[in-house]
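Welcome! Take a moment to turn the model around on your screen before reading on. We will go from the whole chain to a few single residues.

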Amino acid sequence: MIISAGNEELFSFARPIGIGLVNSAINLSRICLIDRPNSLIFVGSAGSYNPNKHKVFDIVASSTASQIETSFLKKESYTPIEQIITANVSRETIVNSSNYITTDKISALAFDRLGFEIENMEFYSVMSVAKEFNIPVKGIFVITNYCNKDAHNDYIKNIKQAKTILIEYLKEKGYIK
């Protein structure tokens, strides 16, 4: 089953699950309880922490997510929850999730130095739900922006073209017709 967040990231072939960590977890759990998918492919946008690693309109696939907040970078917080979830034995691009979009370039580079390369609001929730229901999962993302002060404006400017690029990639790889 292909899923997406929704709003600007609606696709005819994907079920929307909601924006952010909470809505996506609730709605995806409901889907898993009722429809019990064999596998999950989450498609959507992501911001790049380091422009030298992932450029706008790059496609990035991953089965590894984290949920690290900027307060953790400043040693102002800790968490008892699992910080990294992976559905794959090999380490891949780590997709960091938060209900907040990183707009500070220094924080973005700090995330990158810790090994987190891109961010997407929902992917940690998707990975958590898939793990709970023992469902194979992966995310396929198109980079729409860098994590800096222009993040939102660049997302708005690039999302339409990014969706087209993502759809073409999914067709080319045989995920959709």
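Helices (H or I, at least four residues) and strands (E, at least two) are DSSP runs, numbered from the N terminus. This is a predicted model, in which local features need pLDDT of at least 70 and side-chain atom pairs count only at pLDDT 80 or more, while totals for chains, interfaces and linings use all residues. Residues are numbered from 1 along each chain as its sequence is written, and side-chain values use heavy atoms, with hydrogens and water left out.

Now for the overall picture. The chain holds 5 helices and 9 strands, and reading along the sequence gives the pattern β-β-α-β-β-β-α-β-β-α-β-α-β-α. The chain is as compact as a globular protein of its length, because its radius of gyration is 15 Å, close to the 16 Å that the globule rule gives for 177 residues. Here the radius of gyration is taken over C-alpha atoms, and the globule rule is 2.2 Å times the number of residues to the power 0.38. Along the principal axes, the C-alpha atoms fill a box of roughly 40 × 40 × 30 Å.

How much of the chain is buried? Buried means under 20% relative accessible area, exposed means over 50%, and partly exposed is in between (1.4 Å probe, protein chains only). Of the 177 residues, 47% are buried. The chain exposes about 9,200 Å², and carbon and sulfur atoms supply 52% of that area; such areas come from the Shrake-Rupley method with a 1.4 Å probe, and for residues only the protein chains shown count as cover. Among contacts between residues at least 6 apart in sequence, 74% join residues at least 24 apart.

Next, find helix H3, residues 105–113. Its buried residues are Ser107, Ala108, Ala110, Phe111 and Asp112. What lies over them? The cover includes helix H2 (70–73), strand E7 (94–96) and E8. Asp112 has a relative accessibility of 10%, so it counts as buried. Leaving aside neighbours within four places in sequence, Asp112 is in contact with Tyr49, Asn50, Lys53 and Glu117.

From here, move on to Asn120, in the loop between strand E8 (116–119) and helix H4 (123–133). Is Asn120 buried or exposed? Its relative accessible area is 4%, so Asn120 is buried. Its side chain reaches the backbone nitrogen of Glu122 at 2.9 Å. That is a polar contact, a pair of N or O atoms within 3.5 Å; within protein, one must be able to donate a hydrogen and the other to accept it, and residues adjacent in sequence count only if both atoms are side-chain atoms. Beyond the neighbours within four places in sequence, Asn120 is in contact with Phe42, Ser45, Val95, Asn96, Ser97, Ser98 and Phe141.

Another asparagine, Asn158, sits in helix H5 (residues 151–172). With 10% relative accessibility, Asn158 counts as buried. Apart from neighbours within four places in sequence, Asn158 is in contact with Val56, Phe57 and Thr144. The C-alpha atoms of Asn158 and Phe72 are separated by 30 Å, and these residues are 86 apart along the chain.

Two further asparagines show something about the backbone. Most residues other than glycine have a negative phi. Asn7, however, has a positive phi of about 50°, and you can find Asn7 in the loop between strand E1 (2–4) and strand E2 (15–16). Asn134 also has a positive phi, near 55°, and lies in the loop between H4 and strand E9 (137–146). Asn7 counts as exposed at 62% relative accessibility, and Asn134 is exposed with a relative accessible area of 66%.

Tyr78 is in the loop between H2 and strand E6 (84–86), and is exposed, with a relative accessible area of 74%. Tyr78 and Ile59 are 19 residues apart along the chain, and their C-alpha atoms are separated by 32 Å. Ile84, in strand E6, counts as partly exposed at 27% relative accessibility. Ile84 and Thr64 are 20 residues apart along the chain, with 7.0 Å between their C-alpha atoms.

Technical notes
Contact means heavy atoms within 4.5 Å.
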